[in-house]
Amino acid sequence: MRSSASASTSSRSSKLIHGGLRYLALGEVGLVRESALERKVIFRLAPHLAERRWMVLPVRSRAALLKFRAAITAYEKLGAVERDDLHQNWGSEELERFEPALDRSEWRFACAYREYLTDDARLVLANLRAAAGLGARALNWAPVTGIQLENGRASGVTVRCRLTGREARVQAGCVVNAAGAWVDALRRLEDPAAPGLLHLSKGVHVGVPAARLPIRNLLLLSTDDRRGIFALRRDEIVFIGTTDTSYRHGAELWPRVSRADVEYLLAPLQHYLADGKLEPEDVRTAWAGLRPLVAEPGKPPTDISRKDEILVGPAGVVTVAGGKLTGYRPMAQRTLERVAEVLGELAPLAAALAAGRAIGATCAQRLARLYGSEAEQVLRLGAESLAPGAPVVTGEVDWAVRHEAAATVEDVLYRRTRVALFEPDARGAVAPGIARRMAELLGWSAEKAAEELARAEARLRADLDFSDQPT
């Protein structure tokens, strides 16, 4: 996975944990429900990264208010919103009290509903740190430069540190391509002929001082081309966004913000606020990010679904594209379900292991199940059977000792090769071969090897001794 995915996309969002009210109009009820429910989960897990705020939708008439109330009520039901967070209907009195900057001569009513403001980059870091705390290893500034293949299956990646130039190889049972705007580039490392999957969309935000735009809440505004944009206050800065335009220049870390982008975002303010006439010179901060939308030919980015799509490439690389920041947890869960499917696809791996070797289909299937993509390395250590007809090879003993800290014959029989449990015809036959090879690897004396073998064989006999024993 490329570190740039977060730098160019997740850190450049609208900084909202929201369900996406507008997607209801597009008929994407499932997407809205999932995102709306996720707001509560993220708020519970990290309340400092999901600040509850009122999203204010100004309207001109009571009839318009009733129409939007119906949509917002459906939205709240989909998201199982708590009573205290249900929407409020504001008239001129409430607007004067809660959002006095709004031009009440034009906008006489508003519907205020709950959404959540986040810090997207900090949310990404919180997830990475949580993963590291559970044993994951994260590499920063280390783009993937190659995908390692063994027998046609992805077995890891090559990365290069941009700070030091150092290269490293990372082994993996399954490779996941979650590289955001760089998804297509990584897909072509797996398959140079892979067709493009993405439609990149540029999203621009600009920030102005709150003194120039003294709103108190989050505002949902309409542009001249009838799109919805946000004006969001965070302390003493108000940021306005976002644009949604096709980006034809390919994945870039720093897409350019044009004057036309800025003017487009500032233009609606004068229609909503009494003192909303702002110029590009009033802007104090600006950023642009790229949305990695799953392409839908013929559709402009505004109409493209924000659903995620997960697919598996010819070498078994799992690619995830699309999606919304709010739905990152369910998207990750669906991705892991596909990973489990890939790791469970043993037949192709077993066939590749058996090709050109005299190990037999049963042995190949067993090795694929036990060792996954590392089975090839096990066979390189020794592909000879430990006993005539036994589907257990000498390389397994070497692997168990060198890489899995096996110290006894019992370790190898029971907890490394699993022969004692699942290979009843071979469990006794392979024990002497295991003892001999461990003696060579660990420098055991003949006496020590005999003791280890005797102990293991006694354990095997005891397993099937069903005579009554004192309890």
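**Local and overall features of the predicted model**

Trp-141 is found in the loop between helix H6 (120-133) and strand S5 (144-150), where helices (H or I, at least four residues) and strands (E, at least two) are DSSP runs numbered from the N terminus. The model is a predicted one, in which local features need pLDDT of at least 70 and side-chain atom pairs count only at pLDDT 80 or more, while totals for chains, interfaces and linings use all residues. Residues are numbered from 1 along each chain as its sequence is written, and side-chain values use heavy atoms, with hydrogens and water left out.

Although Trp-141 is not a glycine, its phi is positive, at about 55°. With a relative accessible area of 37%, Trp-141 is partly exposed; buried means under 20% relative accessible area, exposed over 50%, and partly exposed in between (1.4 Å probe, protein chains only). Asp-235, in the loop between S11 and S12, likewise is not a glycine and has a positive phi of about 55°. Asp-235 is exposed, with a relative accessible area of 62%. The peptide bond from Gly-241 to Thr-242 is cis, with omega near 20°, and Thr-242 belongs to the loop between S12 and strand S13 (245-246).

In total, the protein chain contains 18 helices and 16 strands. Its radius of gyration is 30 Å, whereas a compact globule of 471 residues would have a value near 23 Å; the radius is taken over C-alpha atoms, and the globule rule is 2.2 Å times the number of residues to the power 0.38. Along the principal axes, the C-alpha atoms fill a box of roughly 95 × 55 × 40 Å. Of the 471 residues, 49% are buried. Among contacts (heavy atoms within 4.5 Å) with a separation of 6 or more, 65% join residues 24 or more positions apart.

The largest nonpolar core has 30 residues, and those with the most contacts inside it include Val-206, Leu-213, Ile-240 and Leu-266. Such a core is a set of buried Ala, Val, Leu, Ile, Met, Phe, Trp, Tyr and Cys residues joined through side-chain atoms within 4.5 Å. Elements giving two or more residues to this core include strand S2 (51-59), strand S9 (198-209), strand S12 (237-241) and helix H8 (259-266). Apart from this core lies another, of 26 residues, among them Val-392, Val-401, Val-419 and Val-430. Leaving out residues up to four places away in sequence, Ile-240 touches residues that include Val-204, Val-206, Phe-230 and Leu-269.

Pro-268 is placed in the loop between H8 and H9 and counts as buried, at 1% relative accessibility. Beyond its neighbours within four places in sequence, Pro-268 is in contact with Ser-222, Thr-223 and Ile-229. Leu-198, in strand S9, is also buried, with a relative accessible area of 15%. Residues touched by Leu-198, not counting those up to four places away in sequence, include Gly-180, Val-183, Pro-292 and Ala-321.

Helix H15 (residues 409-416) has 6 of its 8 residues buried, so it is largely enclosed by the rest of the structure. These buried residues are Val-409, Asp-411, Val-412, Leu-413, Tyr-414 and Arg-416. They pack against helices H12 (360-371), H14 (394-403), H16 (419-422), H17 (427-442) and H18 (446-463). Just after H15, Arg-418 adopts a positive phi of about 65°.
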